[in-house]
Amino acid sequence: MLFSEVKQDCTFFRGNIPCKPNKTDGSVCPTCTQYTPISKRILIIKLGALGDVIRTTPLIVKYRELYPNCHITWLTQSPDVLPSRDIDVILKPEAFSLFLIENSRFDIAINLDKELEACLLLTKTDAAEKYGYAFDKGEIVPATPAAEHKIMTGFFDELSQKNTKSYLEEIFEICHQSFRMEPYLIRKNKELTAKWSETITDLAQGKQVIGLNTGCGPRWNTRLWPMDYWERLADQLRELGFFPVFLGGSLEHDKNTLMAQKTKVYYPGHFSLEEFIALTDSCKIIVTQVSMMMHIATALQKELILMNNIFNRHEFELYGRGEIVEPSKGCVCYYGNTCVKGESCMHDLLPEQLVEVISKRYL
């Protein structure tokens with residue numbers, strides 16, 4: 001077999017190692033019956049926060065539907081949440097990865113981050129079609145007019161507040177596509193998922209399991225719900241026959257430990273992201289403030305009770321699996337990390353409001 005006969009455009013081709021057909025039955029390119037040419041080479045640049053990476057994954061579903069044999073490369077700072085079975089190459093923004101991208105050719109390149117370095121990378125990428133945010137003479141510019149709306153809502157609060165499109169509708173429009181409820185994707189560890197499913201099922205004894213995610217990270221402190229509210233909610237849910245579970249990361253560990261001691265509600269501890277996803281999957285319902293958890297829960301197709309105050313509620317897509325609950329008096333601190341009134345309006349969102357919503361939906 002000659003080098004010129006190697007079909008490097010095949011979806012099975014792995015470059016420096018034998019492909020799957022060659023390993024399984026000794027197939028070689030000139031006579032291989034499984035040759036499947038790549039339909040499109042697609043690059044997605046989505047570095048950003050972990051939750052933003054998760055909620056961009058519906059684009060994978062869309063492009064796999066449009067181009068079943070496409071090859072997808074994703075550049076991200078959060079590779080651990082991306083399902084490797086659905087993405088051909090997952091890269092971190094390191095020197096070699098950037099060098100590789102700049103010296104590759106793509107049919108479609110998408111950048112959904114407004115950081116200047118991400119915009120510059122899209123501009124320098126060799127691609128027939130480019131979508132999202134690009135770079136020109138030191139400024140962020142839309143790669144096509146479809147990205148102008150999202151850029152402008154990021155520049156000005158008054159435009160962002162008037163927006164009635166979800167994040168998914170916006171990014172699909174940026175890519176010249178229409179959102180059709182394509183689902184989130186996420187990486188799951190089967191063994192850990194099975195372990196936590198068995199553990200929680202044994203503890204719940206037939207009761208509906210409701211995870212109470214008590215943290216939301218330090219960036220937007222105005223989202224935090226008071227500790228005593230979480231305790232009241234947990235007590236009332238248990239009285240109604242639910243099996244509540246406190247959830248959180250290392251930042252919430254001390255708080256969750258103390259609340260578990262006071263309420264006698266189960267708190268399993270904090271774990272790696274991989275195990276946290278598996279633990280979340282053992283719950284039927286998740287209650288959370290706007291946080292990374294809402295994206296994990298959405299990807300796992302859980303019922304979601306989402307507490308929101310400082311963000312535009314139209315941004316969130318729950319896929320019909322839950323409700324958004326907001327303070328009764330409204331919020332004036334749009335995207336604010338401190339409250340102009342001194343005390344966050346999350347104090348106006350009482351546990352009894354959530355209990356009423358949960359009771360109507362799940363009892």
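Trainee: Which residues in α13 are met by Leu-273, Phe-276, Ile-277 and Thr-280 in α12?
Mentor: The model is a predicted one, and in it α12 covers residues 273-280 while α13 covers residues 292-299. By class, the contact between these two helices has six nonpolar residues, one polar residue and no charged residues. On the α13 side, the residues that meet those you named in α12 are Met-292, Met-293 and Ile-296.

Trainee: At what angle do helix α12 and helix α13 pack?
Mentor: Two packed helices are described by the angle between their axes together with the distance between those axes. For α12 and α13, the axes lie 10 Å apart, and the angle is about 60°.

Trainee: Is the crossing of α12 and α13 left-handed or right-handed?
Mentor: For α12 and α13, the crossing is right-handed.

Trainee: Which residues of α12 make the contact with Leu-192, Thr-193, Lys-195, Trp-196 and Ile-200 of α9?
Mentor: Helix α9, which covers residues 190-204, packs with α12 at an angle of about 45°, with the axes 8 Å apart, and the two are therefore oblique to each other. Their crossing is right-handed. The residues of this contact divide into five nonpolar, one polar and three charged. From α12, the residues that take part are Glu-274, Glu-275, Ala-278 and Leu-279.

Trainee: How far apart are the axes of α6 and α8?
Mentor: The angle at which α6 and α8 pack is about 135°, and that makes α6 oblique to α8. The contact is made by His-149, Lys-150 and Thr-153 of α6 with Tyr-167, Glu-170 and Ile-174 of α8, and by class it has two nonpolar, two polar and two charged residues. The distance between the axes of α6 and α8 is 9 Å.

Trainee: Which element gives the most to the lining of the largest cavity?
Mentor: This cavity has a volume of about 80 Å³, and among its 13 lining residues, Tyr-184, His-295, Glu-315, Phe-316 and Glu-317 lie nearest its centre. The elements that give two or more residues to this lining are α8 and α13. With three residues, the element that gives the most is α13.

Trainee: How much space lies in the second largest cavity?
Mentor: The lining of this cavity includes Thr-222, Asn-309, Gly-330, Lys-341 and Ser-344, and among its other residues are Cys-331, Cys-333, Cys-339 and Cys-345. By class, this lining has five nonpolar, four polar and one charged residues. The space in the second largest cavity is about 50 Å³.

Trainee: What volume does the largest pocket have?
Mentor: This pocket is lined by 49 residues, of which Ala-49, Asp-52, Arg-55, Arg-219 and Trp-220 lie nearest its centre. By class, the lining has 20 nonpolar, 16 polar and 13 charged residues, and α13 gives the most to it, with four residues. Helices α2, α6, α7, α8, α12 and α13 each supply at least two residues of that lining. The volume of the largest pocket is about 1400 Å³.

Trainee: Which elements each supply at least two residues of the lining of the second largest pocket?
Mentor: The second largest pocket has a volume of about 460 Å³. Of the 23 residues that line this pocket, the closest to its centre are Arg-41, His-71, Thr-73, Asp-88 and Val-89, and the lining as a whole has nine nonpolar, seven polar and seven charged residues. The elements that each supply at least two of its residues are β2, β3, α4 and β4.

Note on methods. Residues numbered from 1 in each chain as written. Predicted model: local features only at pLDDT ≥ 70, side-chain atom pairs only at ≥ 80, totals over all residues. Heavy atoms only, no water. Axes fitted to C-alpha atoms, helices over the stretch in contact; angles between N-to-C directions. Left-handed = near helix turned anticlockwise from the far one by under 90°. Contact = heavy atoms within 4.5 Å. Nonpolar A, V, L, I, M, F, W, Y, C, P; charged D, E, K, R; others polar. 1 Å grid on protein atoms, 1.4 Å probe; cavity = no way out; pocket = protein on both sides within 12 Å on 5 of 7 lines; lining within 4 Å. Points joined across faces, edges and corners; volume = space filled by probe spheres on them. Parallel < 35°, antiparallel > 145°, perpendicular 65-115°, else oblique.
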